[in-house]
Amino acid sequence: MLKDKRQKMNIKLRTIFLLVWMLAFSIAVGAQNLTSSPYSRYAYGDLNENVPTAYRAMGGVGFGMRNNRAINPAQPASYTSCDSMTFMMDVAASASWSRYQDATGQRNKANGSLEYVTIQIPLWKKWIALSAGLLPYSSVGYKISLDDATSGGEYAYNVEFEGTGNISEVYAGLSFNLFNWVAVGANFYYMWGDLDRNRTLMFYDTGLTPTIQIEWLSVSSVRFRYGAQFFHTWGKHDVVVGATFENKCKLNSEYVLVETQTEDSIPIYKGGWQLPMMWGLGCSYTYDKRLTIAFDYERQHMSSMLFNGLEGHYSGLRDASRYAFGVEYRHNPLGRRYVDQMRWRMGLGIKDEYLASVGAPKYTASIGIGFPLPNIGTMVNTTVEYSHRGKRSGLEEHSLRFTLGVAIAETWFFKRKL
């Protein structure tokens with residue numbers, strides 16, 4: 001009895017130590033911005049899919065995934081897949097390196113960030129579960145400097161574009177099992193953050209006055225996501241089909257736009273912005289708890305949402321699709337060797353840019369490994385992603401991102417018999 005208590009205490013201490021170390025690492029890298037991409041210059045910047053590290057290694061799938069060792073905020077119906085006696089927590093941070101190349105040359109940039117912090121708790125047996133956490137919604141980060149001259153070549157000038165900021169969100173979601181084969185759920189999000197964009201035009205002729213344009217968007221808003229999953233098992237075969245939906249909704253925000261050569265009053269506009277309608281479909285097939293194959297499709301209707309008081313297509317926005325395909329393999333779920341329990345993952349993703357002037361989509365290839373910790377219900381998930389977007393005739397972006405996540409599962413709700 002004493003030995004068991006010491007063993008359980010050691011497991012909890014190791015879990016707490018691992019969590020503290022992960023949070024410290026996250027804070028250290030989280031001081032930097034989430035992106036340095038010039039493609040984040042427009043609209044709300046780079047949007048995040050909010051899938052856990054384990055699914056990011058599978059190309060970003062999530063709508064049709066149910067796993068009792070992964071918290072999946074992209075699909076609110078998935079929370080009831082958790083063990084009815086287990087508390088879960090998932091923390092992830094990433095570091096990335098990007099190379100940007102155009103006619104003027106190439107530039108390298110490194111970034112690091114806290115990706116997310118999520119928890120999941122069963123509320124009533126296998127029928128109701130709750131999840132909550134902190135997620136990124138979008139990020140802006142770029143600095144571009146160009147030299148040019150007026151059409152006649154009379155005046156040479158430099159124009160500099162710079163932008164920073166993030167929109168973050170906290171969420172809380174509930175999932176319900178209606179039957180043994182149907183689950184539904186919903187997420188409530190509170191969003192906040194600032195996006196700052198500046199444009200400076202400087203003439204090399206000192207007699208000409210520079211022009212500065214300042215653009216600032218401050219967000220404080222709410223939104224909802226709804227999800228459903230249908231799942232069934234035939235012997236060694238598990239199939240899940242899922243769907244998610246978000247309605248187009250108003251984005252509560254304040255907007256400032258100043259273009260001045262002198263001290264001018266700052267106009268402030270409220271409203272005139274929306275979040276797009278979004279829907280997604282996904283499915284997964286698992287054989288013998290060993291091999292999982294999954295596919296997702298997502299559609300965001302950017303062209304019909306209001307942006308700066310105009311419909312998106314008047315602001316150069318278009319509807320965007322995302323495709324994701326992923327595979328996970330575990331050698332032997334009942335095996336006693338460590339390698340039997342490791343999770344091997346790979347995936348591919350294709351994502352349209354929602355800016356109409358960017359013709360080429362973003363391509364992503366990913367691999368990852370899940371390392372289970374002995375005698376602990378904890379999985380250390382690693383993912384490496386390579387992505388490419390842009391055209392050789394314009395701006396090309398090559399990125400390499402490493403993500404480290406720790407998914408902790410602890411039996412907190414077990415009732416001991418006297």
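Modeller: Before we start, a cavity here is a set of grid points where a 1.4 Å probe fits but cannot get out, and its lining residues have an atom within 4 Å of a point. Keep in mind that this is a predicted model.

Colleague: Okay, which residues lie nearest the centre of the largest cavity?

Modeller: That cavity has a volume of about 880 Å³. Its lining takes in 44 residues. The ones nearest the centre are Leu47, Glu49, Lys351, Lys362 and Arg401.

Colleague: And how many charged residues does the lining of the largest cavity have?

Modeller: Split by class, that lining has 14 nonpolar and 17 polar residues. Lys and Arg count as charged, along with Asp and Glu. For the lining of the largest cavity, the charged count is 13.

Colleague: What is the volume of the second largest cavity?

Modeller: Let me place it before giving the number. Of its 25 lining residues, the closest to the centre are Asn48, Glu49, Arg225, Glu298 and Gln300. The lining draws at least two residues from each of strand E4 (128-149), E7, E14 and strand E17 (320-329), and by class it has eleven nonpolar, four polar and ten charged residues. The volume of the second largest cavity is about 310 Å³.

Colleague: Switching to pockets, which residues are closest to the centre of the largest one?

Modeller: The largest pocket has a volume of about 1,100 Å³. It is lined by 41 residues, and those closest to its centre are Arg66, Asn67, Asn68, Arg69 and Lys289.

Colleague: Which elements give two or more residues to that pocket's lining?

Modeller: By class, the lining has 17 nonpolar, 15 polar and nine charged residues. The elements giving two or more are strand E7 (211-234), strand E8 (237-246), strand E13 (277-287), strand E14 (291-301), helix H3 (338-341) and strand E20 (378-390).

Colleague: Now the surface: is Leu178 buried, partly exposed or exposed?

Modeller: Leu178 sits in the loop between E5 and strand E6 (182-203). It belongs to a nonpolar surface patch with about 900 Å² of accessible area together, along with residues including Trp124, Phe176 and Trp181. Strand E3 (105-124) and strand E5 (156-177) each supply at least two residues of that patch. Because its relative accessible area is 47%, Leu178 counts as partly exposed.

Key
Residues numbered from 1 in each chain as written. Predicted model: local features only at pLDDT ≥ 70, side-chain atom pairs only at ≥ 80, totals over all residues. Heavy atoms only, no water. Patch = residues over 30% accessible without salt bridge, like charges linked within 9 Å, V, L, I, M, F, W, Y side chains within 5 Å. Areas by Shrake-Rupley, 256 points an atom, 1.4 Å probe, with all protein chains shown as cover. Salt bridge = Lys/Arg side-chain N within 4 Å of Asp/Glu carboxyl O. Helix = DSSP H or I, 4+ residues; strand = E, 2+ residues; numbered from the N terminus. Buried < 20%, exposed > 50% of the residue type's maximum accessible area, 1.4 Å probe, protein only. 1 Å grid on protein atoms, 1.4 Å probe; cavity = no way out; pocket = protein on both sides within 12 Å on 5 of 7 lines; lining within 4 Å. Points joined across faces, edges and corners; volume = space filled by probe spheres on them.
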